[in-house]
Amino acid sequence: MSGIYAFRGETGIDFESTLERDFLVKAEFALNVLDVIAQPVQIPFVHPNGQTYHYTPDFLVYYRLGSRDVSRYPAPLLVEVKPRAEWQQHWREWSAKWKAAMRYARDQGWSFHIHDESRIRDQVLLNIQALERYKRSSVEPEVAAEVMQTVRDMGHVTLDLLLARHFMGLYRDAGKRCILSLLATRQLDFDATLPLNDFSELWVPTDE
């Protein structure tokens, strides 16, 4: 399956498989990702048959500097998205182009990684998918502002404590939708590598 992914509603990024689409979904959710470029470079390499070909990696990921010093700028990531069974089957055949990509990335001050299902379809993606339905939830601005202020004041607070503090009794379900909407729209953050539940710790994201 191929298509164009509207990255943060601004940039259309081409993808050529559902695995590539899921990679973009995760990159969009990650607050430290600044931008993703599809098929960013063509890298020449010599095939074992002696012929020279060009290899085009799938994506180049740029990260935010945030409040870090320039000397600690996170290196951009050159990425090949490939199903595990496929790259394992063709490892020897494709190793020349991937070694060329590693050298090219190193010369540019980047890194190069292969991402398969184990890196993409994980707990983070499950959490993103669970939050998707709350992206467009109707939330009263005044209520959202009160919740955000509580989280700022406390630093880290569980979802359950926020519900107890702001949404008692009959309002609990509506309150949970409000909090999940703030998470879905990235106004609140949490450790997405863990299952999202009532005991998850939430915080206001910084520019790190």
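How do the residues of the lining of the second largest pocket divide into nonpolar, polar and charged? They divide into 7 nonpolar, 2 polar and 6 charged. The model described here is a predicted one.

- The space in the second largest pocket amounts to about 310 Å³.
- Its lining consists of 15 residues, of which Glu 28, Phe 29, Lys 135, Ala 184 and Arg 186 are the closest to the centre.
- Two or more lining residues come from each of the elements α1 and α5.
- Helix α1 gives the most to this lining, namely 3 residues.

**The largest pocket**

- The largest pocket holds about 610 Å³ of space.
- It is lined by 29 residues, and those closest to its centre are Phe 29, Ala 30, Leu 31, Asn 32 and Val 33.
- At least two lining residues are supplied by each of α1, β6 (59–63), α4, α5 and β10.
- With 4 residues, α1 gives the most to the lining of the largest pocket.
- By class, this lining comprises 17 nonpolar, 4 polar and 8 charged residues.

**The cavity**

- Rolling a probe the size of a water molecule over the atoms shows where empty space is left.
- The structure contains 1 cavity of 30 Å³ or more, and the volume of the largest cavity is about 30 Å³.
- Phe 29, Ile 128, Leu 131, Glu 132, Lys 135 and Ala 184 line the largest cavity.
- Of these lining residues, 4 are nonpolar and 2 are charged, while no polar residue is present.

**Helix α5**

- Helix α5 spans residues 123–131, and its buried residues are Val 124, Leu 125, Asn 127, Ile 128 and Leu 131.
- These residues lie on the same side of α5 because they cover an arc of only 160 degrees around the axis.
- The elements that cover the buried residues of α5 include α1 (18–29), α4 (117–120), α8 (172–184) and β10 (189–190).

**Ile 4**

- Ile 4 belongs to strand β1, which runs over residues 3–7.
- The relative accessible area of Ile 4 is 62%, so this residue is classed as exposed.
- Leaving aside residues up to four places away in sequence, Ile 4 touches Gly 12, Ile 13, Asp 14 and Phe 15.
- Ala 27 is 23 residues from Ile 4 along the chain, and the C-alpha atoms of the two are separated by 15 Å.

Technical notes
Residues numbered from 1 in each chain as written. Predicted model: local features only at pLDDT ≥ 70, side-chain atom pairs only at ≥ 80, totals over all residues. Heavy atoms only, no water. Buried < 20%, exposed > 50% of the residue type's maximum accessible area, 1.4 Å probe, protein only. Contact = heavy atoms within 4.5 Å. Arc of directions from axis to C-beta. 1 Å grid on protein atoms, 1.4 Å probe; cavity = no way out; pocket = protein on both sides within 12 Å on 5 of 7 lines; lining within 4 Å. Points joined across faces, edges and corners; volume = space filled by probe spheres on them. Nonpolar A, V, L, I, M, F, W, Y, C, P; charged D, E, K, R; others polar.
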